[in-house]
Amino acid sequence: MSIKGKVALITGAGQGIGRAIALRLASDGADISLVDVNGDRVDAVADEVRAVGAKAISLVADVTDRDQVQTAVDRTERELGGFDIIVNNAGIAQVNPIADVTPEEVSRILAVNVEGVLWGIQVGAAKFRELGHGGKIINASSIAGHEGFPMLGVYSATKFAVRGLTQAAAKEYASDGITVNAYCPGVVGTDMWVTIDERFAALTGAPKGATFDKFVGGIALGRAQTPEDVAAYVSYLAGPDSDYMTGQAGLIDGGLVYR
Ligand SMILES: NC(=O)c1ccc[n+]([C@@H]2O[C@H](COP(=O)([O-])OP(=O)(O)OC[C@H]3O[C@@H](n4cnc5c(N)ncnc54)[C@H](O)[C@@H]3O)[C@@H](O)[C@H]2O)c1
C-alpha cells in the first residue's frame with residue numbers, strides 16, 4: 001500500500017500491459033485514471049479497477065494530440081482530487097523491412113510512440129509543478145529501445161527515442177522532485193504481439209505463431225512475459241522505493257537483452 005491515496009493516470013489502459021498496470025497500481029492503493037482511444041475498453045477496465053476497491057475514471061483521448069492529453073490530465077486532477085503518477089504506456093508496433101517503410105507509417109508511429117510520450121511528460125510535469133509537489137513519470141520503452149531488431153527498425157527507433165526523452169526529462173525536472181524512468185519489456189503475450197506475429201508470417205512465410213515462439217525461445221527464464229510481470233516493475237517505479245532512481249530505462253524481459 002505504498003502509494004495509497006495517490007492518483008495515477010495510465011495511457012493505453014484499455015488492454016494488455018496498460019490494463020495490468022492499472023490493476024496493479026489500484027491494488028497498491030492508488031486511484032486510477034484510465035486513458036485510451038478505445039472508450040468501451042477503458043470503461044470495462046474501470047469496472048475491474050473498482051472491483052479492486054480503488055476509484056477509477058475512464059477517459060477517451062488520443063495521446064498524439066497534446067490538447068487531449070491536457071484535458072485528460074486536468075479532468076484526472078479534478079475528478080480524482082489529485083495527480084501524482086503518469087504512465088505513458090500507449091504505443092503501437094509496425095513490422096516492415098527498412099526497404100519498404102513509407103513516410104505515412106513513420107509519421108504515425110512517431111506521433112504515437114514518441115510525441116505521445118513527450119506530451120505526457122510535458123503536460124504531466126506541468127501539472128505536478130502547478131500542484132506544488134513532485135511526481136513520477138514512467139514511460140514505455142522496450143527491449144527494442146536497447147537493440148534494433150530486423151523488421152522492427154522504425155519501432156526500435158521510437159523506443160530508443162523514449163530513452164532519450166526519459167534521460168533529458170529526468171535532468172530537467174529533477175529539481176522539482178519529479179523522477180522520470182522507463183520500463184523495457186521483452187516479449188509480452190498481448191494483442192500487440194499477435195499483430196507482430198501475423199505480420200512476420202505475411203512477410204516471411206513463417207507459420208503463424210512461429211515468430212513469437214522463436215523470440216520466446218531466446219528468453220533465459222524460459223517463458224513468455226505476462227503483462228503482470230511488467231506491472232510489477234512499474235509498481236516499483238511508481239512507489240517510494242524508487243525515489244532515488246531517475247533517468248533509467250530498465251530491462252524487464254526474463255533475460256533476453258543484456259545491458
Ligand atoms: N507487448 C510487448 O511485447 C511489448 C514489449 C515491449 C514494449 N511494449 C510497449 O508496451 C506498451 C503497451 O503494449 P501492449 O502490448 O499492451 O499493446 P496493446 O496493443 O495490447 O495495447 C495498446 C493500447 O494502447 C491504446 N492506444 C494506441 N494508440 C493510442 C493513442 N494514440 N492514444 C491513446 N491510446 C492508444 C490501444 O487502444 C490499446 O488499448 C506499448 O508502448 C508497447 O510498445 C510492449
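My entries follow, starting with the ligand and then going through some loop residues.

**Entry 1: the ligand**

First a reminder to myself that this is a predicted model. I asked how many residues surround the ligand. I got 28, and the closest are Gln15, Asp36, Asn89, Tyr155 and Thr190.

The side chain of Gln15 has an N or O atom 2.7 Å from an oxygen atom of the ligand. Lys159 also uses its side chain: a polar atom there lies 3.0 Å from a ligand oxygen. With Val63 I had to look at the backbone instead, where a polar atom is 3.0 Å from a nitrogen atom of the ligand.

How much of the ligand does the protein bury? Taken alone, the ligand exposes 840 Å², and the protein buries 94% of that. I also checked the pockets, and the space taken by the ligand is the largest pocket. Helix H1 (16–27), helix H5 (153–173) and helix H6 (191–204) are the elements that give two or more residues to the shell around the ligand. H6 gives the most, with three residues.

**Entry 2: Gln225**

I found Gln225 in the loop between helix H7 (210–217) and helix H8 (227–238). Is Gln225 buried or exposed? Its relative accessible area is 8%, so I put it down as buried, the cut-off being under 20%.

Then I listed what Gln225 touches beyond four places away in sequence: Pro185, Gly186, Val187, Val188, Gly189, Val230, Ile252 and Asp253.

Another glutamine, Gln94, lies in the loop between strand E4 (85–88) and helix H4 (103–131). Gln94 has a relative accessible area of 16%, which means it is buried too, under the 20% cut-off. Its side chain has a polar atom 3.0 Å from the backbone oxygen of Glu105. Leaving out residues up to four places away, Gln94 touches Glu105, Arg108, Ile109, Met151, Leu152 and Tyr155.

I followed one of those, Met151, into the loop between strand E5 (135–140) and H5. Met151 isn't a glycine, yet I noted a positive phi of about 75 degrees.

**Entry 3: the loop between H8 and E7**

I looked up two residues here. Thr246 is in the loop between H8 and strand E7 (249–252), and Asp243 is in the loop between H8 and E7.

Thr246 has a relative accessible area of 31%, so I call it partly exposed, between the 20% and 50% cut-offs. Which residues does Thr246 touch, not counting those up to four places away in sequence? I wrote down Ala170, Ile178, Thr179, Val180 and Asn181. The side chain of Thr246 reaches the backbone nitrogen of Val180 at 3.0 Å. Asn181 is 65 residues from Thr246 along the chain, but their C-alpha atoms are separated by 5.5 Å.

For Asp243, the list beyond four places in sequence is Lys136 and Thr179. Asp243 and Lys136 make a polar contact through their side chains, at 2.8 Å.

Note on methods
Residues numbered from 1 in each chain as written. Predicted model: local features only at pLDDT ≥ 70, side-chain atom pairs only at ≥ 80, totals over all residues. Heavy atoms only, no water. Helix = DSSP H or I, 4+ residues; strand = E, 2+ residues; numbered from the N terminus. Buried < 20%, exposed > 50% of the residue type's maximum accessible area, 1.4 Å probe, protein only. Contact = heavy atoms within 4.5 Å. Near = heavy atom within 4 Å. Polar contact = N/O pair within 3.5 Å; in protein donor to acceptor, adjacent residues only side chain to side chain. Areas by Shrake-Rupley, 256 points an atom, 1.4 Å probe, with all protein chains shown as cover. 1 Å grid on protein atoms, 1.4 Å probe; cavity = no way out; pocket = protein on both sides within 12 Å on 5 of 7 lines; lining within 4 Å. Sits in = over half its atoms within 2 Å of the grid points.
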